[in-house]
Number of protein chains: 2
Amino acid sequence: MTSTAHSLLAERIARLGSETAFSVSAEANALAATGRKIYPFHLGDLNIKTPQNIIDAAFRAANAGKTGYCSYYGIPQLREALAEDVGRSHQIPLTIDNVAIQPGGKPSISKFVLSLMNPGDEVLYPNPGYPIYESQIEFHGGKARPYGFVEGPRNFEIDFDSITQQLNSRTRLLIYNNLHNPPSAESSLEEMEAIAQLAIRHDLIVLADEAYFDIRYSGTSTSIASLPEMAQRTVILYTFSKKFAMTGWRLGATIGPKEIVDCVAKLNVNDESCTNHFIQYGALEGLQGDPAGPRSIIDTLRPRRDRIVELLNQIEGIRCYRPEVTFYVFPNVTGLMQRKGFSQYEAFRRKVLHDTGVSFCTRLHFGRELPGETEKYVRFAYSGIDLDQIEEGINRLAEWAR
Amino acid sequence: MTSTAHSLLAERIARLGSETAFSVSAEANALAATGRKIYPFHLGDLNIKTPQNIIDAAFRAANAGKTGYCSYYGIPQLREALAEDVGRSHQIPLTIDNVAIQPGGKPSISKFVLSLMNPGDEVLYPNPGYPIYESQIEFHGGKARPYGFVEGPRNFEIDFDSITQQLNSRTRLLIYNNLHNPPSAESSLEEMEAIAQLAIRHDLIVLADEAYFDIRYSGTSTSIASLPEMAQRTVILYTFSKKFAMTGWRLGATIGPKEIVDCVAKLNVNDESCTNHFIQYGALEGLQGDPAGPRSIIDTLRPRRDRIVELLNQIEGIRCYRPEVTFYVFPNVTGLMQRKGFSQYEAFRRKVLHDTGVSFCTRLHFGRELPGETEKYVRFAYSGIDLDQIEEGINRLAEWAR
């Protein structure tokens, strides 16, 4: 059955973006279906199963009858455990009142925007960045103002000028994805403090997207919510997806000031009643049970990171930082593209995919190029591909590049 | 941590409604915590566990590694199974393209509104009815126009005048919850045809909330989508919640014209990425496996329905239809309230709760009273309370009423 009407959809739909990375998946899958070997570096997903103790805990709960509705804030035990866990790692006082469970990390983005942004308000967000930021801001009538990154001595740094140049009296919110996807940058304490100062001075509320907070190979993560005077103006996007390899469970939380969390919970009532009941017991086991699972996830990812960085840097015309965080690399491929005669991202990406089976996203899957942007970047995810396939795939890319 | 700012929240939040029935739950729970015996007739939930074969199938899928993302449309197997199942029961041609899996039944409401309603558009919706309709319409800038019900010879009927009086050139959508919650009314074929004619004549798109489509004790349900020319202008809210006792799983689907389903799926990408992956295999088992589970749910509910109707009708000042559908009754308690000296719903509800432990929702939990409305109604759900407790509770109410 199809619809007969013509301009059926509401006007706002024209402002709704998407994750264009899905079309890369579709293209890779279509190619794989013809029998071609594909090296899936485009996936922001893990090819690592959720730790068994988490699965078992969820199904113990289902078998014990936790199959009816729970509170639209989530189960109290999980909210308490998160308040304690995040309170400790962030060194901020959190209680159950600061936590609303969500069906994933992503719902915190739309609910943050709906709760705090009036139509016409301006919102600063990272670009290249998670494309849903811009989409939700524009969809709900705000003005999305992108800030960028520059190459620093050891990793990308936030282009601070691109923030300050766009600040004005209508700027209301700032989205900050430290342990950034896709550049895999991490703010220095100085950079984070500068952003916090700016948020305080201009009375901005900050969405701290901390999806990758625990995905790191050395050192310790710091949250902007931990800086002085920031907890009361920061909403944390928390997700179980990456740390516990639970992407397909759709389980996360909005953590922040009670007034905002209460508003987000009221959106929960309206949008989905509550998050799946019994899977929350799985997450509780993740937080309180054997930590071997998340440790093993990092131990699986680390050698992949080491190898992909090493191999990419051996290719002429590619240079790549060695990030301590996330499971992405974001190499500069300007030289390679020039050498092979490509000026357009999509033509380059498609040619590499079709010639080598190596599938990746480009900078364009994370937002439009900013004014004056000349360097070219692509994103390789190493979360959904095994070490031997990384080697094989990047070696094929290297051959192609020669 | 609490927020310091004053009028922190966006203006639209003032238009966001809620399910005030949750406050009845909170009140009942608080009373239960003091040791008082409570008879929970307020819950729209089932105290029946999900059939074991469904739980087992979901768990098998999780153990088989279905713990990563799936398509934002849902897994193809479940979409196909739903297209076949609903296509057959509705006698309309459906394919996988007409189905987008959702984290519950409720998400279809907001996504229908966001996809099809422009600010200022008028939307007809039932009142008394599910309070989220009005909330989502107003929240996203529409005008919610309630239509009511009148007492007919054997059950409630839609007050057709209240629809036609409000129709105008700005009316764009109509929400229709046949097998209505709370009145437990079911449209006659004539009534449904009249609504369909009106939708066609005024070019309205219909949301058919079919949450209770399979909750019936005799006869067969008919969908407005099955009437001539209606499939192309009807979006079906499908949910696994009631039929399979899966309320806490949060699993449903939006079923309708491809153009709308594609738009809803794009909202899925933006709002929650996808619905939990492995639980979709549980639902697949529900649709294709042993039908003993859903049958046993109906067999459990039927004697509860028979008994509560019988007992309520023995109370002076209460009259109650015997609905063949849903798991609610919506008795007229005008006489009882008058006899006991109550003119206000909340005072009456609280007094009964505190005197007898019998907890129920009133008409006000399903919308504001309509102009000229004089009769008083309350809603008893018998889905969350066992037969012996129904008898004990309603007998206590009868004693109180004497």
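I began at Arg305(B), which counts as buried at 2% relative accessibility (buried means under 20% relative accessible area, exposed over 50% and partly exposed in between, with a 1.4 Å probe and protein chains only). I noted that this is a predicted model, in which local features need pLDDT of at least 70 and side-chain atom pairs count only at pLDDT 80 or more, while totals for chains, interfaces and linings use all residues. Residues are numbered from 1 along each chain as its sequence is written, and side-chain values use heavy atoms, with hydrogens and water left out.

I then looked up the partner of Arg305(B) and found a salt bridge with Glu324(B), whose closest N and O atoms are 3.4 Å apart (a side-chain nitrogen of Lys or Arg within 4 Å of a carboxyl oxygen of Asp or Glu). Glu324(B) is partly exposed at 24% relative accessibility.

I next checked Glu346(B) and Arg349(B), which form a salt bridge at 2.8 Å between the closest N and O atoms. Glu346(B) is partly exposed, with a relative accessible area of 26%, whereas Arg349(B) is buried at 1%.

Finally I compared the copies: chain B can be laid on chain A with an RMSD of 0.0 Å by a turn of 180° and a shift of 0.0 Å along the axis (superposed by least squares on the C-alpha atoms of residues with pLDDT of at least 70 in both). The two copies are therefore related as by a two-fold rotation axis.

Technical notes. Chains lettered and ligands numbered in written order.
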